[in-house]
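Please look over the sequence and the model below before reading on.

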Amino acid sequence: MRIGELAARTGVSVRALRYYEEHELLAAERSPSGQRLYAQDAVDRVLLIQQLYAAGLSSRTIVELLPCVVDGNATPELLDRLSTERDQIDQKIAELAATRSRLDSVLAGATKNLRTGRSCRASAP
């Protein structure tokens with residue numbers, strides 16, 4: 001399939017697909033006229049790349065990860081890298097949960113202020 005069709009099927013911009021190719025995340029054959037041609041499995045690969053980006057992984061990490069996903073070959077180094085990435089995601093989740101908790105406190109104070117007229121600020125101990 002051509003690049004425009006791959007973009008339409010995955011919801012990813014043509015520019016992003018070119019970026020993926022430039023960073024060796026995605027490969028294309030070339031037609032005699034020089035147009036990019038992608039195999040049908042490129043759709044699944046692009047969707048996987050998008051999921052990994054959404055999880056916070058870098059292009060470099062994704063390039064290292066893809067051989068394991070594509071052909072099932074893992075190395076001890078890859079497992080270490082994946083564990084590190086997972087730990088970083090866990091840390092981000094914990095930070096977001098703490099931020100949500102603080103926002104909940106601010107929201108509770110603001111709600112109380114609207115109902116009672118009392119200050120939104122927490123009282124000093």
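Ser 59 touches Tyr 19, Leu 25 and Tyr 53, when residues up to four places away in sequence are not counted, and here contact means that heavy atoms lie within 4.5 Å. This is a predicted model, in which local features need pLDDT of at least 70 and side-chain atom pairs count only at pLDDT 80 or more, while totals for chains, interfaces and linings use all residues. Residues are numbered from 1 along each chain as its sequence is written, and side-chain values use heavy atoms, with hydrogens and water left out.

**Helix 4 and its residues**

Ser 59 is found in helix 4, where helices (H or I, at least four residues) and strands (E, at least two) are DSSP runs numbered from the N terminus. With 13% relative accessibility, Ser 59 counts as buried, a word that stands for under 20% relative accessible area, whereas exposed stands for over 50% and partly exposed for what lies in between (1.4 Å probe, protein chains only). The side chain of Ser 59 also makes a polar contact with the side chain of Tyr 19, at 3.1 Å. A polar contact is a pair of N or O atoms within 3.5 Å; within protein, one must be able to donate a hydrogen and the other to accept it, and residues adjacent in sequence count only if both atoms are side-chain atoms.

Thr 61 lies in helix 4 as well, and the side chain of Thr 61 makes a polar contact with the side chain of Ser 58, at 3.1 Å. Leaving aside neighbours within four places in sequence, Thr 61 is in contact with Arg 81 and Glu 85.

The table lists the accessibility of some residues discussed in this report.

| Residue | Relative accessible area | Class |
|---|---|---|
| Ser 59 | 13% | buried |
| Thr 61 | 1% | buried |
| Ala 28 | 21% | partly exposed |
| Leu 37 | 32% | partly exposed |
| Arg 118 | 54% | exposed |
| Glu 24 | 63% | exposed |

**Helix 5 and what follows**

How does the span of helix 5 agree with what its 41 residues should give, and what is that span? At 1.5 Å a residue, the 41 residues of helix 5 (residues 76-116) should span 60 Å, and the end C-alpha atoms of helix 5 are 60 Å apart, which agrees; the expected span is 1.5 Å times one less than the number of residues. Within helix 5, Leu 78, Glu 85 and Gly 109 are buried, and what covers the buried residues of helix 5 includes helix 4 (59-71). Helix 5 is followed by Gly 117, whose phi is positive, near 85°. Arg 118 lies in the segment after helix 5 and touches Lys 112 and Asn 113, not counting residues up to four places away in sequence.

Glu 24 has its place in the loop between helix 2 (14-22) and strand 1 (29-30), and its phi is near 60°, a positive value in a residue other than glycine. Ala 28 is found in the loop between helix 2 and strand 1 too. Apart from neighbours within four places in sequence, Ala 28 is in contact with Glu 21, Arg 36, Leu 37 and Tyr 38.

Leu 37 lies in strand 2 (residues 36-37), and its contacts, with neighbours within four places in sequence set aside, are Met 1, Arg 2, Ala 28, Glu 29, Arg 30 and Ser 31. The C-alpha atoms of Leu 37 and Glu 5, which are 32 residues apart along the chain, are separated by 9.8 Å, and those of Ala 28 and Glu 5, 23 residues apart along the chain, by 13 Å.

**The largest pocket**

The largest pocket has a volume of about 220 Å³. Of the 14 residues that line the largest pocket, the closest to its centre are Leu 26, Ala 39, Asp 41, Ala 42 and Arg 45. On a 1 Å grid over the protein atoms alone, a pocket is an open set of points where a 1.4 Å probe fits, with protein on both sides within 12 Å along at least five of seven lines, and lining residues have an atom within 4 Å of a point. Grid points are joined across faces, edges and corners, and a volume is the space filled by probe spheres set on the points.

Helix 3 (42-54) and helix 4 each supply at least two residues of this lining, and helix 3 gives the most, with four residues.
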